[in-house]
Amino acid sequence: MKTSSHDTSPLERDTFETVYRTHYISIYHFAKKFVRDAQVAEDITTEAFLKLWERFSKFSNPQTMKSFLFTVAHNACINHARGEQRLAAREAEFSHLYVADAGDRLAEEEIRGRVYQHIYAEIEKLPAQEKRVFKMAYVEGLSNEEIAAQLGINNQSVRNHKARALKTLRLSLLGKNIFAFLVVVFWLKHLKS
Amino acid sequence: MADVNRIITLIIKNLDGELPTSEQEELQQWIAESEENRAIAEEFASDSTFFAGIREMYGVEARVWDRIQDEIQQRIEKNKNTYPTKISWIRWVAAATIFGVIATGAIFYIQSKKQSTTSTPVALSRDIPAPAINRATITLGNGQTIFLDSAANGEMAQQGSVQIAKLDDGQIAYNAATKNNSPQRKETFFNTLTNPRGSKTITIKLSDGSRVWLNAASSLRYPASFDGAERTVELTGEGYFEVVHNEKMPFVVSVNGTTIRDIGTAFNVNAYTEEPEMKTTLISGAIEVKNNNQTKKLHPGEQAQIKSNGPIVLSAAVDTAQVMAWKNELFYFNRTDIQTAMRQIARWYDVDIFYQKNVSGFFSGKLGRKENASELLRILEMTGEVHFQIEGKKIIVMP
């Protein structure tokens, strides 16, 4: 069978997934700031990674991949904005808008996305079961009972996992001397509910 | 412009609220530089926005990754010369918190992995698949009807000097002839594009280049070519318009006495007669909505609502992603009541809905429109608020 793109190895797929998990949130926030529409930003993020996947074997350097992703996303943002402006038929007006904002926005989006990148990395480092319970509780908003039922463990174990996850996170965050207090307090507040 | 890495360090350090005074000043200085900077700093300083950001982060992670996987899978399948219709469910995020408040009624969260749940399965005799084809028809000026799905690609018909073609992607295009051979006498052919219940969205490019997406259970009446002072089309049901602006010949959508006049624009009109109100949402550009001698001008993101021919009510900053969900092949509920949700389901799956006793409940979340009806109903059942039974082309809703 002939494939339109390259043949991919399991190693390549794993690498691609790692690249995705490392950069998706900064690409997304970058695009979202530009297009001001979460759905479109998700579309653009999807498109950027698919383009990376198409020529994945040609990349060897993570830094080049990152630049490539931002370039593709940036172009997609511009195309999107043009599409919307096209109907207004005021090309000149629009190009002014673009030139004035592009540089600043690039830098700003780097900030929001990269802070989330830090937080994401810390959560993902939690031990498997703690991470699972943590996400079910705080990202998906499930109750202790629902988590217990789905994982086939008892309520007390759920509570233990939650407490341990928070403790681990707090230690790792304190250890890194970043955003220690406020976040953990907020998570602890949620633990009670 | 301050160094980006430095600012990131300051924002992260500021999360614990114990930034030394000297660094506070540095951060404040950066915040004062622009409104955007302020917004970013405030997002991370406030519990609620920050926590919503974390939920958003995981929602995006799952949805985008699913779409990438689906797309890659589809490309592989395509190479085997098969065309799968499978699309994974858009994963449900913790909808309540993203949308703000935990409202009354049932807000449900769907597990990203289809793990076993405690809910009972939808009782069904025979499942109802999502529309796989487009069953739209075009009625020409002479009364002749073209069935679009069975029509071959390429030119389908001629209306005066306008050629009607079906493109490879299923889109319909009206191509106006070149100016030099236009005849002296002008005859206007009115055509009607009808998209029935249980039919996929159809896209049409009118002779002026404007494009219209037509939802299931909707129709559009338009002249094959436009002349006169205005480009008037008539809509029933729901359509999304991307209008090519022409100041000398405005584009007007006429819906049951209400008119929507384009000033260079993309907008969505939901005018199903079974819905309690007609909703016109401006996505970009500008439009004027006119009803009973009352005229309102809309800005992007605004929605004009008209209830049973009453006054026009403007609603600012509506969720346009929700309005446009149908065009993006999604059901998108945001604290949507069961009756409204079921009306959308009825139009899409071409089914009739029956209620057993009084059923109430509110639903939030997004899901793909390509799944079988039973899959959608199974997910709604997970709220514990409603149960369903499928009988032929009927869906019975039970408490």
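**Reading the model, feature by feature**

Mentor: B:Asp319 is partly exposed, with a relative accessible area of 28%. Keep in mind that this is a predicted model.

Trainee: Where in chain B is B:Asp319 found?

Mentor: B:Asp319 lies in the loop between strand E17 (312–315) and helix H6 (320–323) of chain B.

Trainee: Which residues does B:Asp319 touch, not counting residues up to four places away in sequence?

Mentor: B:Asp319 touches B:Tyr332 and B:Asn334. Take B:Asn334. It is 15 residues from B:Asp319 in sequence, and their C-alpha atoms are 9.3 Å apart in space.

Trainee: Let us step back to whole chains. What does the secondary structure of chain A come to?

Mentor: Chain A has eight helices and zero strands. Along the sequence the pattern reads α-α-α-α-α-α-α-α.

Trainee: And what does the secondary structure of chain B come to?

Mentor: Chain B has eight helices and 22 strands.

Trainee: What about the accessible surface of chain A?

Mentor: It comes to about 9500 Å², and 54% of that belongs to carbon and sulfur atoms. Chain B exposes about 18300 Å², with carbon and sulfur atoms supplying 48%.

Trainee: Now a single residue. Is B:Ile164 buried or exposed?

Mentor: B:Ile164 has 0% relative accessibility, so it counts as buried. Buried means under 20%. B:Ile164 sits in strand E5 (residues 162–166) of chain B.

Trainee: Which residues is B:Ile164 in contact with, leaving aside neighbours within four places in sequence?

Mentor: The list includes B:Ile138, B:Leu140, B:Met156, B:Ile172, B:Tyr174 and B:Asn191. B:Ile164 and B:Ala224 are 60 residues apart in sequence, yet 8.6 Å apart in space, C-alpha to C-alpha.

Trainee: Is A:Thr46 buried or exposed?

Mentor: A:Thr46 counts as buried, at 5% relative accessibility. Find A:Thr46 in helix H2 (residues 38–54) of chain A. Now look across to the other chain. Not counting residues up to four places away in sequence, A:Thr46 touches B:Val64, B:Arg67 and B:Ile68.

Trainee: How do I describe two helices that pack together?

Mentor: Two packed helices are described by the angle between their axes and the distance between the axes. H5(A) passes H6(A) in a right-handed crossing.

Trainee: Which residues of H5(A) and H6(A) make the contact?

Mentor: H5(A) supplies A:Gln129, A:Arg132, A:Val133, A:Met136 and A:Ala137. H6(A) supplies A:Ile147, A:Gln150 and A:Leu151. By class, the contact of H5(A) with H6(A) has five nonpolar, two polar and one charged residues.

Trainee: At what angle do helix H2 (residues 21–33) and helix H3 (residues 35–45) of chain B cross?

Mentor: At roughly 130°, with axes that come within 5 Å. That makes H2(B) oblique to H3(B). B:Trp30, B:Ile31 and B:Glu33 of H2(B) meet B:Asn37, B:Arg38, B:Ile40 and B:Ala41 of H3(B). By class, this contact of H2(B) with H3(B) has four nonpolar, one polar and two charged residues.

Trainee: Last topic: backbone angles. What is phi of A:Arg36?

Mentor: Phi of A:Arg36 is near 55°, a positive value in a residue other than glycine. A:Arg36 is in the loop between helix H1 (10–35) and H2 of chain A. With 51% relative accessibility, A:Arg36 counts as exposed.

Trainee: And what is phi of B:Asp350?

Mentor: B:Asp350 is not a glycine, although its phi is positive, at about 55°. B:Asp350 lies in the loop between helix H7 (338–349) and strand E19 (352–355) of chain B. At 24% relative accessibility, B:Asp350 counts as partly exposed.

Terms used:
Residues numbered from 1 in each chain as written. Chains lettered and ligands numbered in written order. Predicted model: local features only at pLDDT ≥ 70, side-chain atom pairs only at ≥ 80, totals over all residues. Heavy atoms only, no water. Left-handed = near helix turned anticlockwise from the far one by under 90°. Helix = DSSP H or I, 4+ residues; strand = E, 2+ residues; numbered from the N terminus. Contact = heavy atoms within 4.5 Å. Nonpolar A, V, L, I, M, F, W, Y, C, P; charged D, E, K, R; others polar. Areas by Shrake-Rupley, 256 points an atom, 1.4 Å probe, with all protein chains shown as cover. Buried < 20%, exposed > 50% of the residue type's maximum accessible area, 1.4 Å probe, protein only. Axes fitted to C-alpha atoms, helices over the stretch in contact; angles between N-to-C directions. Parallel < 35°, antiparallel > 145°, perpendicular 65-115°, else oblique.
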